[in-house]
Amino acid sequence: MYVKKYSDDRKGVFVTKPSLPPLEEYVEYLKRIWEKSTLTNMGPLHEEFREKLSEFLDVDICVPSCNGHMALELALQALNLKGEIITTPYTFASTTHAIVRNGCTPVFCDVRESDCTMDPEKIESLITDKTVAILPVHVYGMPCNVEEIEKIAKKHGLKVIYDAAHAFGVKIGEKNISSYGDVSMFSFHATKSFNTIEGGCAVIKDYNVAVRFYQLINFGIMGEENVAFVGANAKMNEFEAAMGLCNLVHFEENRLKRKAVYEIYERELAGIDGIRMLKPYRRDVERNYSYCPVFYDEEVLGVSRDTVYKKMAEHNIFTRKYFYPLTSEFDCYKSLGYNGETPVARRLSRQVLTMPFYADLEKETVVEICNLLKEMF
């Protein structure tokens, strides 16, 4: 059995660190929980968070959940999709699992080298009479080319469900990323730029689908004595809602801190042949700076990504091969022969390291990390 072990005395610079609000702000919400003695089941803090979240995302319907994965899996179920869903293997396990656990078949589309998101030019060749939806992923907070994807979906009568786990707070021009698609799923896991400890939400355009989703996350209960269909338990509790209310206030402050750290990496690594960072597909994208992925081209550098990974660890600097391997290469999927050739995604997965990156990462530490990389090359 695989068990990840932690100790309280770990030393080094780690790939991520959760953003936490001032303790006294969280304690004020804890006092309200103790006063009401309501811990879960869509309590007062849950409802307050849902309302403020909807306002922040500029949407009519937003339903919090216990985590992003269950939001995605149950949203697909609420849409009652059966057939092939075009998606990308350059993502976390959750995306592919949600499709397969709903009895649908993933069809893998390649990604663009510039931003690691689904390549719209590769989509139509994968559409068959079994295709029911497109499920793109906003990777590292880089938005997909939503205009082209939704144009294709409309042409072929397909649903669009965005895995927006990394994209909370991202805007394209004046529009929030939540404006696109039939459904968008956001993750509020501790490692994200905005967190509720664990948690997530689904933004849903269709009211009837939203009602079904709301029922699915609460066992299929439709009344005190009426359980109409088989549901799950994916509710967000009051402690997570409290963390969300605190962190929502500080989101923009943290986004700007993360932006400053990211720009140091950009400045320090600029001009090194064989090292590349991503760019959004439009200049008017307002990024959330979720992660700091850096791509290492072994043919140019003469040093592999894996060597960089090991050398960094020797100096107690811990990076992550995120995303590697592709989900299509997982043991549970690689023998199933799902359709889709993805050579660009495969190459990128063998080049990428997400670097240490969080709002409070000291600038001097970032420079030291970059100097260590320069010494390698």
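Q: Where is the place of glutamine 215?
A: Glutamine 215 is in helix 6. Helices (H or I, at least four residues) and strands (E, at least two) are DSSP runs, numbered from the N terminus. This is a predicted model, in which local features need pLDDT of at least 70 and side-chain atom pairs count only at pLDDT 80 or more, while totals for chains, interfaces and linings use all residues. Residues are numbered from 1 along each chain as its sequence is written, and side-chain values use heavy atoms, with hydrogens and water left out.

Q: Is glutamine 215 buried or exposed?
A: Buried means under 20% relative accessible area, exposed over 50%, and partly exposed in between (1.4 Å probe, protein chains only). Glutamine 215 has a relative accessible area of 13%, so it is buried.

Q: What does glutamine 215 touch?
A: Contact means heavy atoms within 4.5 Å. Not counting residues up to four places away in sequence, glutamine 215 touches Gly220, Ile221, Met222 and Phe229.

Q: At what angle do helix 3 and helix 6 pack?
A: Axes are lines fitted to C-alpha atoms, for helices over the stretch in contact, and angles run from 0 to 180 degrees between N-to-C directions. The angle between helix 3 and helix 6 (residues 207-216) is about 125°, and their axes are 9 Å apart. Angles under 35 degrees count as roughly parallel, over 145 as roughly antiparallel, 65 to 115 as roughly perpendicular and the rest as oblique. Helix 3 and helix 6 are therefore oblique to each other.

Q: Which residues make the contact of helix 3 with helix 6?
A: Helix 3 supplies Met70, Ala71, Leu74, Ala75, Gln77 and Ala78, and helix 6 supplies Val209, Arg212, Phe213 and Leu216. For the classes, Ala, Val, Leu, Ile, Met, Phe, Trp, Tyr, Cys and Pro count as nonpolar, Asp, Glu, Lys and Arg as charged, and the others, Gly among them, as polar. The contact of helix 3 with helix 6 has eight nonpolar residues, one polar and one charged.

Q: How do helix 1 and helix 2 cross?
A: The axes of helix 1 (residues 23-36) and helix 2 (residues 44-57) come within 10 Å and cross at roughly 135°. These two helices are therefore oblique to each other. Tyr29, Arg32, Ile33 and Lys36 of helix 1 meet Pro44, Leu45 and Glu48 of helix 2. By class, the contact of helix 1 with helix 2 has four nonpolar, no polar and three charged residues.

Q: In what order do the seven strands of the open sheet stand?
A: Strands of a sheet pair through backbone hydrogen bonds, either parallel or antiparallel. Two strands pair if DSSP finds at least two bridges between them. Here the order is 1-9-8-5-4-2-3, and the pairing is mixed. Strand 1 and strand 3 stand at the edges with a single partner strand each, so one side of each is left without a neighbour in the sheet. From one strand to the next, the twist averages 25°.

Q: How do strand 1 and strand 9 pair?
A: Strand 1 and strand 9 (residues 200-204) are antiparallel, over four bridges. Proline 64 has cysteine 201 of strand 9 as its bridge partner, and valine 63 stands opposite alanine 202 in strand 9.

Q: Which residues of strand 1 are on each side?
A: In a regular strand the side chains alternate between the two faces of the sheet. In strand 1 (residues 62-65), Cys62 and Pro64 are on one side and Val63 and Ser65 on the other, and all are buried. Helix 6 lies across strand 1 and strand 9, running at about 155° to strand 9.
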